[in-house]
Amino acid sequence: MFSLHPSFLHLLTPEIALLAFALIFLVLAAIKGDRTLRTGSLWLSLLSMGFVLFFAVQLLFAIPPDGQTVIAQTVGGHSCMVIDRFGQIFKALFLLGGMLTLLLSKKELDEENAWTGEYFALLLFSILGMMVMASGTDLLTLWVGLETMALSVYVLAAYLRRKEASVEGALKYFVLGALSSGFYLYGVSFIYGATSTIHLESIRAQLGIMIAKGGIESVPFHLAFGLILLVVALLFKIAIVPFHFWTPDAYEGATTPITAFMSVAPKAAGFAMLSRIVLGGLVPLHEILVPLLSLTALLTMVWGNIAAMLQGNVKRMLAYSSIAHAGYILVGFIAALKARNNEGLTAMLFYLFVYIFMNIGAFGVVIALKGNGCEGDSMDHFKGLFHRKPWLAVLMIFFLLSLGGIPPFAGFLGKFFIFMAAVHSGLWVLAVTLAVTSVISIYYYYRIVCNMFLHEAEIREPLTGSAPLAVALSICAAVNLFLILFVPKTLAVMQMGKIFG
Amino acid sequence: MPYILSLLTYIPLAAALIVIFFVPKDKTRFIKYFATGVMLLDFILSLPLWFGWWGASSQAKGMWVFEEGPFDWIKSIGVKYHFGVDGMSVLLVLLTTLLGVLAAWSSWKYIKEREKEYYVWLLILQTGMIGVFCSLDFFLFYVFWEVMLVPMYFLIGIWGGPNKLYAAIKFFLYTLAGSVLMLIGILALYFQTGALNNGQNTFDLDVIYKLNLDPSFQWWIFAAFFVGFAIKVPMFPFHTWLPDAHVEAPTAGSVILAGVLLKMGTYGFYRFSLPILPDATIKWIPFLMILSIIGVIYGAMVSLVQKDMKKLVAYSSVSHLGFCMAGMFALTEAGIKGSILQMINHGISTGALFLLVGIVYERTHTRMIKEYGGLAKLMPVYAAIFMVITLSSIGLPGLNGFVGEILILLGAYHMPAFLFSKSLIFFLVSGMVLGAAYMLWMYQRVFFGEVTNPHLEEHVKGNDMNWREIGYMAPLVLLAVWIGLYPSPVIKRMEPSIKTVMEKVTPAIDRLREAKGIKPANNVIEKKEWKSETPAAAEDQGVAAPEAGAENAAPAQEHKGE
């Protein structure tokens with residue numbers, strides 16, 4: 001039925017190690033109780049993620065850019081999991097996001113007095129799920145990864161279980177998430193009915209033959225229906241308009257480090273899965289998919305940015321801004337799909353890399369403001385921050401300018417590469433929309449800048465510091481500021497062979 | 001000196017970092033002196049650009065001088081680190097370094113809170129501006145272009161007037177909107193370069209200059225560039241950010257905004273639109289000219305009715321920059337010369353006007369014209385300097401404004417008639433007349449008559465310009481007189497650069513002429529140039545370019561006719 005090549009087992013070290021660590025944390029939490037471990041479990045999980053990251057990065061450089069190793073097969077020799085550069089980069093990104101989230105967590109968990117061992121175990125499990133999403137090549141393997149990730153994140157979103165907003169947001173997330181999983185499976189069943197396979201490669205081959213014979217019309221309706229359901233389910237996961245409604249509530253309700261995590265890692269995983277499915281399996285349908293996705297990307301950029309302007313809560317604003325950013329990233333993806341080359345994919349990866357640092361940084365500042373009964377997530381809480389804590393305000397500027405795409409910050413480079421890919425593949429409308437909406441985005445990012453620098457402080461209590469948080473913010477700021485000097489190296493890592501059809 | 005341009009660009013940034021990290025907030029005196037000193041150092045270091053000119057043989061061939069690179073920076077996408085100037089941009093760099101000194105110096109008393117931040121932003125802004133004028137790589141250019149927005153936002157937003165938040169964000173969004181559209185144009189050009197460069201696309205200007213683009217493609221790129229540059233200039237329908245930004249900005253901010261930032265728009269047209277997109281330029285001329293004319297007349301008429309001195313000066317910028325645009329798109333050597341010279345002049349005289357308004361504002365805290373009257377009696381030195389600058393702004397012969405305006409008119413006169421109607425000159429001249437009207441009328445209302453406002457006497461009497469103020473006004477007044485009397489060193493420096501641009505534009509004009517079936521006969525006089533303003537200038541021309549001597553007579557007479 002299912003066979004794993006023992007000789008390739010070492011390629012799975014990151015996943016296996018992560019699984020082992022996650023189980024250890026569960027057991028530890030059960031034996032030692034929640035109270036005794038506290039920061040101990042934070043450092044342990046940080047260490048274990050670092051360990052896994054080390055393996056993942058080592059693997060990333062060990063495999064040649066265009067190499068692809070099939071490590072698991074099902075009956076008939078169809079691959080269901082591969083190790084390649086694309087997937088490995090994603091895995092490194094998830095782990096980076098996870099580690100930064102852990103650094104942000106200490107202060108938040110102290111403030112909420114909510115230390116439990118499961119918090120860390122769930123984080124590790126969710127990352128495990130994402131890793132499977134990044135390397136699966138059949139619809140069910142990917143689904144297993146997706147559910148592992150999603151179920152862990154649902155629980156994390158509801159982590160502050162005594163807070164109404166947290167539970168409400170998480171429930172919304174869960175209901176819509178479960179619905180989209182249902183869509184996904186329903187779609188898969190149609191596809192299986194039409195093609196009698198769940199392997200992306202075979203689906204691609206069959207679609208290719210159909211379209212070569214009779215054009216796009218020859219795709220039977222139930223197959224097309226299944227494919228559309230599949231794509232819609234994926235768009236749900238990455239919160240693309242009009243499938244974004246869960247995002248603001250879930251982000252606002254969740255505890256802030258988890259919000260930061262959700263806005264970064266699962267989103268990246270969603271893009272990984274989208275790329276695997278669409279570029280690996282549905283490429284022959286690009287004639288339909290490009291306009292369809294373009295339309296959603298356009299709506300996402302426009303609505304995400306406009307809605308973000310109207311928010312008074314910083315977490316909600318960042319939620320909408322992350323919707324808009326998903327739109328930008330989707331443009332890179334569409335460029336890759338349209339031109340069928342790696343330029344757009346590299347741009348997408350680069351953007352996701354940068355996005356981790358700028359978005360987690362911005363959420364980190366929100367956490368830094370928390371304390372003394374102040375949530376830190378209202379626009380007013382940022383007033384006069386420059387006078388209270390100049391450095392924090394300066395770091396926040398870096399993150400916001402980066403999110404807005406102003407050079408020399410890293411966010412500019414990310415947007416630039418996506419922009420370039422879009423122009424290169426002739427997506428003029430999307431390029432112009434991207435340009436114009438990022439100008440709109442400056443308006444709401446600058447509301448925060450304006451509050452920090454140009455207003456007097458309303459709250460004067462000193463902020464409680466946290467060393468891990470400071471470390472995380474410094475790392476994020478350093479990447480945002482100095483990445484422009486290391487672009488060639490970063491791009492060289494993200495060069496991949498032509499892995500997709 | 002090798003790498004002088006990089007040095008000039010990054011010295012202010014380094015100084016800003018030193019201030020951030022090593023100077024405590026309360027050492028305001030030191031910060032002031034240090035920032036001004038660094039600006040001065042930067043200015044002194046930029047002087048070799050001016051004097052090193054004569055020996056630079058590559059300049060004579062119309063190539064870059066003080067060139068650095070191109071070094072690979074982001075190799076995989078063809079971004080290079082490439083700095084260099086030509087005769088045109090060197091003038092703007094010098095203007096920038098000079099105004100940098102004056103801006104820092106003039107802020108000593110004006111800025112009374114958060115001094116550390118203020119000078120840090122001023123220094124970073126300086127880096128951005130010099131970088132824009134030195135970059136010969138589109139990517140680099142774009143980076144500097146945008147870097148500059150952030151400090152300016154804060155200068156307006158923190159130290160500005162009552163409506164500063166609105167003005168700051170408006171300035172930022174307008175400019176950003178233009179520049180992202182420009183970025184699309186840049187990328188579209190970028191993807192054309194592969195064929196010329198062994199399949200590797202590049203942002204290097206030297207390669208992009210060699211492109212031979214399809215006219216209809218050019219049209220779209222021009223449109224993208226137009227939005228970016230026209231907002232910056234600002235041309236007529238895009239100008240509304242300017243009065244807000246100027247009125248709210250602190251004095252030094254206004255000086256830099258008017259003196260340097262506005263020039264970036266015209267610089268962009270000159271450096272990129274004309275040589276890269278000559279065919280599109282010609283197609284766009286009627287549109288551009290009409291907008292310029294509207295800008296000239298509208299800016300002047302709106303200035304006429306302003307109650308606030310600073311706003312008046314701000315709207316006068318719209319009018320002056322309209323002149324620059326008209327001169328540039330006349331596409332004759334004289335017109336472009338005038339346009340560039342007028343950019344410098346505008347930097348000098350409008351910069352000076354903003355400084356002057358700032359000087360009196362520091363004393364009285366009002367800029368309303370009606371609050372003044374009889375100021376000449378109370379501040380004679382101030383009145384005298386203001387007079388000189390006013391006259392320079394309205395283009396009195398013997399002062400800098402005149403030379404620029406006359407060259408622009410000359411250029412417009414020689415403009416091939418199939419490009420745009422000669423009635424252009426009529427509008428430009430009426431703009432000049434209106435310019436004299438609003439400036440002199442303001443001068444009259446502010447300085448002459450009896451002192452009617454008792455507060456004015458209280459604040460101002462015996463409080464004429466002090467030595468510091470005279471010190472930072474003096475260079476501008478001297479420059480105004482110098483360029484007015486003897487502009488040829490300035491013009492000589494820009495000549496080779498203009499020739500290079502004309503070499504790109506003339507074939508396009510010829511193509512259009514052929515397409516319209518017009519004989520090229522009427523174009524001979526284009527050779528005739530502005531030449532002798534004064535006997536001194538004629539002499540200088542005689543020495544430097546003996547073959548041009550014969551042509552001196554005719555234009556000199558035309559000047560008298562004005």
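How many residue pairs are in polar contact between chain A and chain B, with both residues at pLDDT 80 or more? The count is one residue pair. The model is predicted, and the interface of chain A and chain B buries about 3,000 Å², 86% of it on carbon and sulfur atoms.

**Interface of chain A and chain B**

- On the side of chain A, 36 residues are in contact with 33 residues of chain B.
- Zero salt bridges are found by the rule across this interface, and one residue pair is in polar contact, both residues being at pLDDT 80 or more.
- Five helices of chain A each supply at least two residues of the side that touches chain B: helix 15 (385-388), helix 16 (390-404), helix 17 (410-424), helix 18 (428-454) and helix 20 (487-493).
- Helix 18 of chain A gives the most to this side, with 13 residues.
- Sorted by class, the side of chain A that touches chain B comprises 30 nonpolar, five polar and one charged residues.

**Nonpolar cores**

- The largest nonpolar core has 421 residues, and those with the most contacts inside it are A:Phe90, B:Phe138, B:Phe203 and B:Leu375.
- Helix 14 of chain A (residues 343-369) provides the largest share of this core, 21 residues.

**B:Asn400**

- B:Asn400 belongs to helix 18 of chain B, which covers residues 400-414.
- With a relative accessible area of 0%, B:Asn400 falls under the 20% limit and therefore counts as buried.
- Leaving aside neighbours within four places in sequence, B:Asn400 is in contact with B:Asn345, B:Ile348, B:Ser392, B:Ala480, B:Ile483 and B:Gly484.

**B:Lys499**

- B:Lys499 is located in helix 22 of chain B, which covers residues 488-516.
- The relative accessible area of B:Lys499 is 43%, so this residue is classed as partly exposed, a class that lies between the limits of 20% and 50%.
- B:Lys499 and B:Glu333 are 166 residues apart in sequence, and their C-alpha atoms are 7.5 Å apart in space.

Notes
Residues numbered from 1 in each chain as written. Chains lettered and ligands numbered in written order. Predicted model: local features only at pLDDT ≥ 70, side-chain atom pairs only at ≥ 80, totals over all residues. Heavy atoms only, no water. Contact = heavy atoms within 4.5 Å. Buried area = accessible area lost by both parts, 1.4 Å probe. Salt bridge = Lys/Arg side-chain N within 4 Å of Asp/Glu carboxyl O. Polar contact = N/O pair within 3.5 Å; in protein donor to acceptor, adjacent residues only side chain to side chain. Helix = DSSP H or I, 4+ residues; strand = E, 2+ residues; numbered from the N terminus. Nonpolar A, V, L, I, M, F, W, Y, C, P; charged D, E, K, R; others polar. Core = buried A, V, L, I, M, F, W, Y, C linked by side-chain atoms within 4.5 Å. Buried < 20%, exposed > 50% of the residue type's maximum accessible area, 1.4 Å probe, protein only.
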